[in-house]
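Here are some notes to read alongside the model. Take them one at a time, and keep the structure open so that you can find each residue as it comes up.

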Amino acid sequence: MANIPHIANEEDYNLALARMDEIFHAAIGTREGDERDLLFDLIEAYEERHHPVNLPSVPAAIEFHMEQLGLTPGDLAPLLGSQKVATAVLSGKMDITIAMARALHKHWGIPAEVLLQEPSDNIKRGITEPAIL
C-alpha cells in the first residue's frame with residue numbers, strides 16, 4: 001500500500017488520484033481494495049476543502065429539470081402562480097417563495113437544499129440584470 005497518511009497539497013492530491021486510477025477495480029476485502037477505500041475518503045475530504053462544488057442557482061436548477069423532464073416555461077407557470085412570475089424567476093429577477101420551493105420540490109423533485117439557498121447577491125442588492133462574467 002502506498003504511504004499516503006493525508007493529502008496536504010495539490011501534488012499529494014494528484015498522486016492520490018493517479019493511484020486511485022491504478023487500483024479502482026480492486027476487489028473488496030483485498031489489500032488494494034482497502035487502500036482504494038482509504039484513498040477515496042482522503043480524496044473526498046481534500047476536494048471538499050479545496051475544490052468545493054457550489055450549488056446551482058435556483059434558475060439554473062429549474063432550467064436543468066425542465067430540460068431533463070422535457071418541460072417548457074409554460075409548464076412552470078402553474079407551479080409558480082403565473083407566466084409573468086415564472087419568467088421573472090427564470091431570468092433571475094425574482095427569488096422564489098417558500099410555497100414555490102415546496103411546489104418545485106414536490107412536483108419536479110428539485111432538491112430542497114438548492115431551492116432554499118440564500119438569494120443571489122444581485123437580488124439582495126436590488127439588481128435585476130444578471131451580472132456579466
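1. Exposed means over 50% relative accessible area, buried means under 20%, and partly exposed lies in between, using a 1.4 Å probe and protein chains only. Helices are DSSP runs of H or I with at least four residues, strands are runs of E with at least two, and both are numbered from the N terminus.

2. Before going further, a word on the model: it is predicted, so local features need pLDDT of at least 70, side-chain atom pairs count only at pLDDT 80 or more, and totals for chains, interfaces and linings use all residues. Residues are numbered from 1 along each chain as its sequence is written, and side-chain values use heavy atoms, with hydrogens and water left out.

3. Look next at the length and ends of α3. The helix runs through residues 58-69, and its 12 residues reach 16 Å from the first C-alpha to the last, close to the 16 Å expected at 1.5 Å a residue. That expected span is 1.5 Å times one less than the number of residues. After the helix comes Gly 70, with a positive phi near 70°.

4. Met 100, Ala 101, Ala 103, Leu 104 and Trp 108 are its buried residues. They line one face of the helix, because they fall within an arc of 165° when seen down the axis of α6. The face turned away from that buried side carries Ala 99, Arg 102 and Lys 106, which are exposed. Helices α3, α4, α5 and α7 are among what covers the buried residues of α6. Gly 109 follows α6, and its phi is positive, near 75°.

5. Which residues touch the most other members of the largest nonpolar core? Of its 21 residues, they are Ile 62, Leu 76, Leu 80, Ile 96, Leu 104 and Trp 108. At least two residues of this core come from each of α3, α4, α5, α6 and α7, and α6 gives the most, with five. A nonpolar core is a set of buried Ala, Val, Leu, Ile, Met, Phe, Trp, Tyr and Cys residues joined through side-chain atoms within 4.5 Å. A second, separate core has nine residues, including Ile 7, Ala 16, Ile 43 and Tyr 46.

6. Not counting residues up to four places away in sequence, Leu 104 touches Ile 62, Leu 76, Leu 79, Leu 80, Ile 96, Gly 109, Ile 110 and Leu 115. Contact here means heavy atoms within 4.5 Å.

7. Here is a polar residue to check. Glu 35 belongs to helix α2 and is buried, with a relative accessible area of 3%. Its side chain is joined to that of Arg 19 by a polar contact of 2.9 Å. A polar contact is a pair of N or O atoms within 3.5 Å; within protein, one must be able to donate a hydrogen and the other to accept it, and residues adjacent in sequence count only if both atoms are side-chain atoms.

8. Pro 56 lies in the loop between α2 (31-50) and α3. This proline is partly exposed, at 37% relative accessible area. Leaving out residues up to four places away in sequence, Pro 56 touches Ala 61, Val 114 and Gln 117. Pro 56 and Gln 117 are 61 residues apart along the chain, and their C-alpha atoms are separated by 9.6 Å.

9. Finally, step back to the whole protein, which has eight helices and zero strands. Buried residues make up 30% of its 133 residues.

Definitions and conventions. Arc of directions from axis to C-beta.
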